[in-house]
Amino acid sequence: MQLYNTLSAEERATMIDDAGKQRLTLSFYAYAQIQNPTQFRNELFLAWNPLEVLGRIYVAHEGINAQLSLPADHFYEFKNTIEQYDFMKGIRLNIAVEHDDHSFLKLTVKVRDKIVADGLVDETFDVTNIGIHLKAQEFNDLLEDPNTIVVDMRNHYESEIGHFTKAIRPDVDTFRESLPIIEEQLAEHKQDKKLLMYCTGGIRCEKASAYFKHKGFENVYQLEGGIIEYTRQVKAEGLESKFIGKNFVFDHRLGERITDDIVSQCHQCGAPCDVHTNCANEGCHLLFIQCESCKEKMYGCCSTECVTVIHLPEEEQKAIRRGIKNGNKIFKKGKSEVLTFKNNQDPLANVPNLSDLVKSKTVAKREPKIKKQYVGKGTHFFPKPSIAQFLIEENEINVGDKILIKGSTTGEQQLIIEEMFVNEIASAKAIAGETCTFKVPFRIRLSDKLYKILD
């Protein structure tokens with residue numbers, strides 16, 4: 001009986017691409033009294049593994065917290081597996097704003113002490129005595145109330161790239177840090193103000209609202225379904241989004257675009273930027289914000305020390321990082337001393353010459369930057385004829401155009417379109433809104449982007 005993931009991330013990515021199915025990324029949570037979390041965990045794994053569910057799921061005596069992806073055509077079968085449990089019947093499933101078939105590449109179901117670590121040891125605390133849920137329009141209305149205090153219950157690296165207007169954003173690394181800080185800051189307003197909270201999907205606010213009610217706050221409200229559900233309702237109902245920027249997510253995408261506002265800066269040069277990355281040095285892997293210019297100049301690294309390391313032979317890199325645990329270091333972005341913008345330093349001031357780092361044969365030559373224009377995204381791949389299908393979202397492409405297909409697994413592939421079909425009819429041009437197909441000498445993935453190379 002298989003109870004654990006047995007495939008590597010690379011093997012799973014290949015299987016996803018070969019299947020050619022659209023996958024959904026979603027999240028949900030539920031607070032409940034689970035008597036035997038280990039048995040519950042095993043039941044979920046056995047039910048979900050055959051459905052090709054992948055993700056990161058935590059279960060505890062207090063409930064379940066799940067972020068996962070699954071093939072769209074298995075959605076209702078999956079829904080049936082969770083609704084077998086009374087506490088998950090009719091549960092809201094938060095569907096991601098932006099989809100990526102590779103958002104998760106393993107199925108990990110873990111038993112934890114709590115589904116949201118809060119650091120609390122208080123047997124009188126009732127996590128089910130929660131604040132009032134608000135939908136998007138109600139939340140917007142309460143934001144305009146002068147007696148409202150709105151608090152972001154996420155961590156600093158989340159709120160930095162996107163947040164609600166007027167929100168208090170505690171400078172914390174973890175949820176457990178925020179509870180006593182907020183209680184102390186708002187102690188004088190337990191009766192006279194409305195405490196309005198939000199987080200990514202609602203799970204942290206659910207517990208925080210119960211905590212603040214437990215501590216004597218009388219008017220406690222929370223955004224139902226968090227930023228994910230708020231965004232869905234805003235789009236569906238044509239409301240004004242009071243959330244600006246990007247919503248940080250805990251899969252490899254690291255963020256979903258909500259509005260075009262860029263509210264954060266590159267941690268190395270200070271340019272407007274809201275793109276998270278992990279340092280290219282596997283022995284560091286620091287999470288930070290890096291613009292394209294700094295990424296190119298710093299080789300995707302957070303510091304000159306890491307630039308030095310990544311140009312060493314692989315065996316030397318492994319020797320350097322052997323036995324070193326990063327722990328929560330990856331969450332220190334914006335606080336790490338190596339991030340030069342925070343220290344008013346020139347990020348390139350101490351970058352050594354590559355000739356001083358390693359032998360020239362170990363350094364890959366950097367290709368000149370390609371001028372390109374975004375056109376669309378991959379929607380299907382037909383393996384036997386090796387045909388790629390793309391949805392044209394912007395601009396146009398023509399037979400004879402030189403194109404670039406780019407993706408995390410595909411890499412960067414260039415070719416010239418010699419023949420093209422639009423809606424299964426031979427055509428010399430494909431414009432925005434149309435679906436086109438053409439032959440390619442390699443496999444594309446559904447997350448791949450299509451660009452036209454400009455002269």
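How many nonpolar, polar and charged residues are there in the lining of the largest cavity? The first point takes this up, after a remark on conventions.

This is a predicted model, in which local features need pLDDT of at least 70 and side-chain atom pairs count only at pLDDT 80 or more, while totals for chains, interfaces and linings use all residues. Residues are numbered from 1 along each chain as its sequence is written, and side-chain values use heavy atoms, with hydrogens and water left out.

1. The largest cavity. Its lining comprises five nonpolar, no polar and four charged residues. Here Ala, Val, Leu, Ile, Met, Phe, Trp, Tyr, Cys and Pro count as nonpolar, Asp, Glu, Lys and Arg as charged, and the others, Gly among them, as polar. The residues concerned are Arg12, Met15, Ile16, Ala19, Lys21, Arg23, Glu52, Leu54 and Pro71. Helix H1 (residues 9-19) contributes the most to this lining, with four residues. Helices (H or I, at least four residues) and strands (E, at least two) are DSSP runs, numbered from the N terminus. The space in this cavity is about 80 Å³.

2. Cavity search and terms. Over the whole structure, three cavities of 30 Å³ or more are found. On a 1 Å grid over the protein atoms alone, a cavity is a set of points where a 1.4 Å probe fits but cannot get out, and a pocket is an open set with protein on both sides within 12 Å along at least five of seven lines; lining residues have an atom within 4 Å of a point. Grid points are joined across faces, edges and corners, and a volume is the space filled by probe spheres set on the points.

3. The second largest cavity. This one holds about 50 Å³ of space. Its lining includes Ile16, Asp17, Gly20 and Lys21, and also Asp101, His102, Phe381 and Arg445. By class, four of the lining residues are nonpolar, two polar and four charged.

4. The second largest pocket. Its volume is about 400 Å³. Fifteen residues line this pocket, and Glu62, Asp113, Lys114, Asp122 and Phe125 are the closest to its centre. The lining divides into four nonpolar, three polar and eight charged residues.

5. Salt bridges. The structure has 21 salt bridges, each being a side-chain nitrogen of Lys or Arg within 4 Å of a carboxyl oxygen of Asp or Glu. Lys194 and Asp145 form one of them, at 2.8 Å from N to O. This pair links distant parts of the chain, 49 residues apart: Lys194 is in strand S9 (residues 194-198), and Asp145 is in the loop between helix H4 (136-143) and strand S7 (148-152). Asp145 is buried at 19% relative accessible area, whereas Lys194, at 25%, is partly exposed. Buried means under 20% relative accessible area, exposed over 50%, and partly exposed in between (1.4 Å probe, protein chains only).

6. Further charged pairs. Lys429 and Glu396 form a salt bridge whose closest N and O atoms are 4.0 Å apart. The two lie 33 residues apart, Lys429 in strand S22 (residues 429-431) and Glu396 in strand S17 (residues 396-398). Lys429 is partly exposed at 40%, as is Glu396 at 28%. Glu83 and Lys79 also meet in a salt bridge, at 2.9 Å from N to O.

7. Helix H4. Its buried residues are Ala136, Phe139, Asn140, Leu142 and Leu143. Seen down the axis, these fall within an arc of 165 degrees, so they line one face of H4; the arc is that of the directions from the helix axis to the C-beta atoms. Their cover includes strand S6 (132-134), S7, strand S8 (162-164), S9, strand S10 (220-223) and helix H8 (226-237), where contact means heavy atoms within 4.5 Å.

8. Helix H3 (residues 75-82). Phe75, Phe78, Thr81 and Ile82 are buried in this helix. Their arc around the axis is only 120 degrees, which puts them on the same side of H3. An α-helix has 3.6 residues a turn, so residues three or four places apart point the same way. The buried residues of H3 pack against strand S1 (23-31), helix H2 (37-48), strand S3 (63-71) and strand S4 (94-95).

9. Arg322. This residue lies in the loop between helix H11 (314-321) and helix H12 (354-357). Arg322 counts as exposed, at 57% relative accessibility.
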